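Hello! Please have the structure open while you read.

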Amino acid sequence: MNPPANSATPINSQLIDIVGLRTCGIFPAGKEPSIRTLRDWTKLRRIPYHKIGRLVYFDPAEVSTHIRTKLKVPARG
């Protein structure tokens, strides 16, 4: 059964900003990408994001899954 349309569950409870994404723990300690790199990835649509007005937010679980499945770097050789 579907919950009522006026339920009090927060929709954006998991969304964080770019600084929060960098420090949320989905990247290895000491090897977090810079804010500039994350902005470039967002601009190039390499990581999923949610735009609310002119503000950009990220879902850490969604970004983590996307990075682990889609952003594979081929081995050299």
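**Notes on the model**

1. Let me begin with Arg-45, which sits in the loop between α2 (35-43) and β1 (50-52); helices (H or I, at least four residues) and strands (E, at least two) are DSSP runs, numbered from the N terminus. Arg-45 has a positive phi of about 60° although it is not a glycine. Most residues other than glycine have a negative phi. Arg-45 is also exposed, with a relative accessible area of 66%; exposed means over 50%, buried under 20%, and partly exposed in between (1.4 Å probe, protein chains only).

2. A word on the basis. This is a predicted model, in which local features need pLDDT of at least 70 and side-chain atom pairs count only at pLDDT 80 or more, while totals for chains, interfaces and linings use all residues. Residues are numbered from 1 along each chain as its sequence is written, and side-chain values use heavy atoms, with hydrogens and water left out.

3. On confidence, pLDDT is the predictor's own score for each residue, from 0 to 100. The chain has a mean pLDDT of 82, and 81% of its residues reach 70 or more. Please treat residues 6-12 with care: their pLDDT is below 50, and beyond near neighbours in sequence this stretch has one contact in the model (contact means heavy atoms within 4.5 Å). Among the elements, strand β2 (residues 55-57) has the highest mean pLDDT (95) and α3 the lowest (89).

4. The overall layout is three helices and two strands, in the order α-α-β-β-α from the N terminus on. Of the 77 residues, 21% count as buried.

5. Which residues make up the largest nonpolar core? There are nine: Ile-18, Leu-21, Ile-26, Phe-27, Leu-38, Ile-47, Phe-58, Val-63 and Ile-67. Such a core is a set of buried Ala, Val, Leu, Ile, Met, Phe, Trp, Tyr and Cys residues joined through side-chain atoms within 4.5 Å. Leu-38 touches Ile-18, Leu-21, Arg-22, Phe-27, Pro-33 and Ile-47, not counting residues up to four places away in sequence.

6. Finally, α3: Pro-60, Val-63, Ser-64 and Ile-67 are buried there. Seen down the helix axis, the buried residues of α3 fall within an arc of 100°, so they line one face; the arc is that of the directions from the helix axis to the C-beta atoms. What covers these buried residues includes α1. On the other side of α3, Thr-65, Thr-69 and Lys-70 are exposed.
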